[in-house]
Amino acid sequence: MNKSFLILIFGIAAVLIFFASCTGQNKVQVPRTISENNTIYLVQDSVLIPTADGAKIHAIVVRNAELEEPGPAVLFHTIYARKTDLDRAKMAADHGYVGIVSYTRGKGLSPDPIVPYKHEATDTYQVIDWISKQDWSNQKVGMYGGSYVGFTQWAAVKYKVHPALKTIVPSVAAAPGIAEPMENGIHWNFHYPWHHYVANNKYLDTVLYYNGQRWHDLNMKWYKTGVAYTSMDSLDGLPNPQFKERLLHPAYDSYWQGMMPYRKEFTHIEIPVLATTGYYDGGQVGTQYYLKEHTKYNKKAEHYLVIGPYTHFGAQEKPDDHIFGYDIDPVAQIDITELIFDWFDHILKGKPKPELLRDKINYQVMGANIWGHAPSLSEMANDTLKYYLGNVRSGLAFASMFGTGNNGKDEHYTFSEQPLDPDTYLEQVIDFSDRSNLTWNSSGWRTIVGDSLMVGHGFSFASEPFETDFELNGSFGGEISVSINKRDFDYTIVLYEQTPDGQFFALTLPYKARASFAQDLENRELLTPHKKTKLPFGIVRMTSKKIRKGSRLIVVINGNKEPFTEINYGTGKNVSEETIADANEPLVIKWYGDSYLDIPVRIK
């Protein structure tokens, strides 16, 4: 047989084998049809999208069979892979879009290891690129979703915005290193089981994750034994390598900075953004971070915010009308999912902007049954109330409403409008070696509306009753002036309204912070023992409420020692490595009279 002919035959065979191999690995699933409620859907639920580094991203694609022309797509990129995600993709199709749900690499049908956070910036970009090249795409894509899914949208625009991506709608967005798993430098225990939840299998380990008693018992065991925070998995009996890896980065360092836009990387984000969150949302800190950084580095940023009396889950879809003892105002009872698709109609189809979005910042004024609108966070208010932490008792009749403070003593102090002697102070003592009280709650926060406060071992401060109505709008600021006998400590501040009928209304979730990160989350600055130090506030959750005539403002301040967050023993070592053996002498905090809060208000 001719040698040249043999070479040709073998060459053709090699090419056929190569293409067969490629087709077997990367073939796009042929759509199947599903008929429901008089609608025929074209469904591809086993798509594997290749990434540049050889990974595979599992995606679900759903289209309405009646749509014959290329159209816009709505993408939901998540680590929370569920068997019901086909319904989410169909929901987008029902709104006139190509609905796409894609998963973090390793989840669903992806054959790769499960890696939260680290690859989302590149993987989401490549999913968008894949969408833009399909024959059903008109090269217009919007993204939406909450919590981790909110983060993936910011990750998608970290390096550059794909030309097909026209808008993102991040709800209650996680911000790794800023608002998750730590906040103002403090790690929260509820993040520990999250790693098992998302990484134990290709979907979600709901059996383990929703075993609330297991995690409660683990927190109590850790607190009572006083072992290092890094030993949590040893106590639990299950390895948790991702939890331990993240503890190696207590500062906001390059590990976290590589996951989402950082500083000037916000400059190139010129697509419109709609964010949603709530006054009682743990993820509000992340939402604020993205908003502030985006508008700081891009002065023309088209960034809208919708915020109301919502929880973490309520601010993503449809809020409950009753939360933590509070019936939210009727005007606050909006359907956030429908608002999001109205926004997509505006951006992707040229329809009018949703009526609620009258300005960049759109906030519900609790107790007034109205929405407020402002061009920026700072313009929500037109005045500031400045209060100093006084050292004068406010009166026993009023004090009796609070419970006990300062190591069992009945002490409640004035929230003074006048500057105080900067050398006066209130002294708090916390014995970290004493674990006899397993119910310690540093924040005192239980419900939004209550008939008493649980100050614990902290201090409470009360203003005089107000003579007129006004709105409290935004986040409090100011600084705390302290000295301690150690090198570091964690603390909590909570702001309440006490209404004329004696009820206490928690205006937002507690502010918790680590003193050594108060100046800079990227660089830890330890305190000098017995030296007075001024601590500015980091990101404080915002709120809006009508404060009525006769009400008072109440502030509760406390050092932290509880089973729900890291315990900072004050040695200056990595806090997650400290143990009860590091407790030594009790922590002594001196809260000085020149500490103050700036409270933003709108006075008509």
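Buried means under 20% relative accessible area, exposed over 50%, and partly exposed in between, with a 1.4 Å probe and protein chains only. This is a predicted model, in which local features need pLDDT of at least 70, side-chain atom pairs count only at pLDDT 80 or more, and totals for chains, interfaces and linings use all residues. Residues are numbered from 1 along each chain as its sequence is written, and side-chain values use heavy atoms, with hydrogens and water left out.

Now the charged pairs. A salt bridge is a side-chain nitrogen of Lys or Arg within 4 Å of a carboxyl oxygen of Asp or Glu. The count is 26 salt bridges.

Start with Asp 123 and Arg 105. Their side chains form a salt bridge, 2.8 Å from N to O. The two residues are 18 apart and link distant parts of the chain: Asp 123 sits in helix α3 (residues 120-132), Arg 105 in the loop between β5 (98-103) and α3. Helices (H or I, at least four residues) and strands (E, at least two) are DSSP runs, numbered from the N terminus. Both Asp 123 and Arg 105 are buried.

Next, Glu 245 and Lys 118. Their closest N and O atoms lie 2.7 Å apart in a salt bridge. This pair also links distant parts of the chain, 127 residues apart: Glu 245 is in helix α9 (residues 241-247), Lys 118 in the loop between β5 and α3. Glu 245 counts as partly exposed because its relative accessibility is 28%. Lys 118, at 40%, is partly exposed.

Then look at Lys 573 and Asp 582, whose side chains meet in a salt bridge at 3.2 Å, N to O. Lys 573 has 39% relative accessibility, so it counts as partly exposed. Asp 582 has 15%, so it counts as buried. Elsewhere, salt bridges with shared partners join Glu 479, Lys 532, Lys 534 and Asp 594 into one network.
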